[in-house]
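This briefing is meant for a reader meeting the structure for the first time. Please look over the sequence and the model below before going on to the notes.

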There are 2 protein chains.
Amino acid sequence: MRYQVLVRLKEGVLDVQGKAVETGLRDQKFDAIKNVRVGRVIELDVDGVSKDAARKQVEDVCKILLANPVIEQYEIKEVL
Amino acid sequence: MRYQVLVRLKEGVLDVQGKAVETGLRDQKFDAIKNVRVGRVIELDVDGVSKDAARKQVEDVCKILLANPVIEQYEIKEVL
């Protein structure tokens, strides 16, 4: 099974990378673009275990390695 | 309109961040997890322009600022 994990900063946490992109865009006259948020996307395969166990493993790795639960939230999707 | 842009390394480009995650996972006995690829997700609003113009602007900013077309590919989705 292949999973996609989106890791984003929680609402209210200052997104400095997003602000930098906004500044860069404004400098290039893309004034219509606002509220830029930058996060990470992680795609991974989980093989040789049941679907429930695979999902559990992905949840676990999000907590211990992929996301910082203090400032980030994650979303797990199964992909084809 | 809000758009989500996924920026990933092209197939065949060595993903050192993904390899680092794999090593970290192996050290923690998550042996079932393989083929980790790490990319970026950028979410942004485009306001005050038509839908076609908004999409065009997002395409343009992908090319000039968000992705490196030599080694990265991008995917644009409209989100709610």
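A residue is called buried when its relative accessible area is under 20%, exposed when over 50%, and partly exposed in between, using a 1.4 Å probe and protein chains only. Helices (H or I, at least four residues) and strands (E, at least two) are DSSP runs numbered from the N terminus. The model is predicted, with local features needing pLDDT of at least 70 and side-chain atom pairs counting only at pLDDT 80 or more, while totals for chains, interfaces and linings use all residues. Residues are numbered from 1 along each chain as its sequence is written, chains are lettered from A in the order in which they are written, and side-chain values use heavy atoms, with hydrogens and water left out.

- Six strands form an open sheet in the order 3(A)-1(A)-2(A)-2(B)-1(B)-3(B), with antiparallel pairing, where two strands pair if DSSP finds at least two bridges between them.
- Strand 3 of chain A and strand 3 (72-79) of chain B stand at the edges with a single partner strand each, so one side of each has no neighbour in the sheet.
- Neighbouring strands of this sheet are turned by 25° against each other on average, direction ignored, the axes being lines fitted to C-alpha atoms (for helices over the stretch in contact) and angles between N-to-C directions running from 0 to 180 degrees.

**Strand pairings**
- Strand 2 (residues 33-46) of chain A is joined to strand 2 of chain B by 11 bridges in an antiparallel arrangement, and A:V46 stands opposite B:I33 there.
- Within chain B, six bridges join strand 1 (residues 2-9) to strand 2, again antiparallel, with B:V7 opposite B:R40.
- Strand 2 (residues 33-46) of chain B is largely enclosed by the rest of the structure, because 10 of its 14 residues are buried.

**Helix 2 in each chain**
- Helix 2 of chain A lies across strand 1, strand 2 and strand 3 of chain A together with strand 2 of chain B, and runs at about 150° to strand 3 of chain A.
- Helix 2 (residues 51-66) of chain B packs on the sheet, touching strand 2 of chain A and strands 1, 2 and 3 of chain B, where contact means heavy atoms within 4.5 Å.
- The buried residues in helix 2 (residues 51-66) of chain A include A:A54, A:V58 and A:L66.

**Cysteines**
- A:C62 is buried, with a relative accessible area of 0%, and B:C62 is likewise buried at 0%.
- Zero disulfides are found over all chains, a disulfide being a pair of cysteine sulfur atoms within 2.5 Å.
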